[in-house]
Every structure is written in C-alpha cells, then in structure tokens.
Amino acid sequence: MFASHFARFAFAATFCAALALTLVTVPAQGQTPTTIYTFAGDGAPANPLNNSVAQGRDGNYYFTTCIPLSTNSAVFDISPSGTLDTVYVPSNCSYGLTLGSDGNIYSTTGNNDGAGGLYGSVYKITPTATVTTLHTFTNGADGSYPYWPPIEGTNGVLYGTTQAQATNSTAYSI
C-alpha cells in the first residue's frame, strides 16, 4: 500500500515539475522581415492596397494596387521568391481579393470598371487568368460601389456589401 501511495506521489511530483517547466515563459524574440518585392513605382506597380492579400493554390500571393482611373490599378501575383506578374488590369481599382474554395480568385471594382460598370462589379479570375464579370451593379435595387471583396460562405456562395454614395447600399450574394 505504501508503494502505491509513493508511486502516485512520485507521478504527481514529476507531472507538476514538467508542467511548471512548460509554463516558464521565454521572451519572444523579434523577427526580421524579408522583403520579397519593393513597390518602386516609376512604371512598376505602386500603391498596393492593404485590404487583402490572397495566397493562391499555386503558392503565389495575389494582391491589388489602386491608383484611381489609372492603368496602374491592377491585380498582381508575386511568387514566394519575388517574381512579379500582372494577372489582370481593370480600368479602375480592384478592392481586395478572396480565394474561393474552387481555386478561383474573386474581387470587386468600386466603380467604372471599363465593362460598362459605372457602379462597380464583382468578377472572378481563374488560375489560368481568365476573367469573368459575375455581376455589374446598376445603382438600382442591387446597390452600387462594392468597395470590398466578397467572402465565401460555407455553402460556397459569395457574400458582400455595397456602399452607395447616397442611397441603395445593399448586402448581396452571388
């Protein structure tokens, strides 16, 4: 009986000592970021938007730049090693990106998307860089100015909002 109590005590003491060692906090060490691309401007991409970056299934990082009403507004991808490629150039700003479960990237233009979408649009980009406009807003019952990328619900449907300048702000699904 004594041996049984001693064994339990030894186990408890060892367990508590191990637990105490795991709870000792070590100050976090600062991390040094690694620059993989510099946005220099001068004909190169500039003004990357900070509203989202999406990593594609190909491992590349997709992002948008925005200089309104300029050809400098584009969707780019950067490989982990820093190689930059232009994926799509809408005629106005794209506002962030969402990677869908289907492997496509989804985004919006806030206004004047060049395809007759004065009030913005929702579009998708396939892994082969084929662009399809999914909806062009009319400033009617569907709203206008979708300034944020849609999100994907667990049901696979895209959801987003519009921000009309005066009226007709909406929540939509596609």
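Start by selecting Ile36, which sits in the loop between α1 (2-23) and β1. Helices here are DSSP runs of H or I with at least four residues, strands are runs of E with at least two, and both are numbered from the N terminus. You're looking at a predicted model, where local features need pLDDT of at least 70, side-chain atom pairs count only at pLDDT 80 or more, and totals for chains, interfaces and linings use all residues. Residues are numbered from 1 along each chain as its sequence is written, and side-chain values use heavy atoms, with hydrogens and water left out.

Is Ile36 buried, exposed or partly exposed? Ile36 has a relative accessible area of 36%, so it counts as partly exposed; buried means under 20%, exposed over 50%, and partly exposed in between (1.4 Å probe, protein chains only).

Next, colour the four strands of an open, antiparallel sheet, in the order β1-β2-β3-β4. At the edges are β1 (54-55) and β4 (84-88), each pairing on one side only. Strands pair if DSSP finds at least two bridges between them. Five bridges link β2 (residues 61-65) with β3 (residues 74-78); click Thr65 and you'll find its bridge partner, Ala74, in β3. Follow β3 on into β4: the two form a hairpin with five residues between them, and Gly82 in the turn has a positive phi of about 105°.

Stop at Val75, which stands opposite Tyr88 in β4. Val75 also belongs to the largest nonpolar core, eight residues including Tyr62, Leu97 and Ile125. Such a core is a set of buried Ala, Val, Leu, Ile, Met, Phe, Trp, Tyr and Cys residues joined through side-chain atoms within 4.5 Å. Apart from that core lies another, of five residues, among them Cys66 and Tyr95.

Last stop: which strands form the three-stranded open sheet? They are β9-β10-β11, in that order, with antiparallel pairing. Select Thr161 to see its bridge partner in β11, Ala171.
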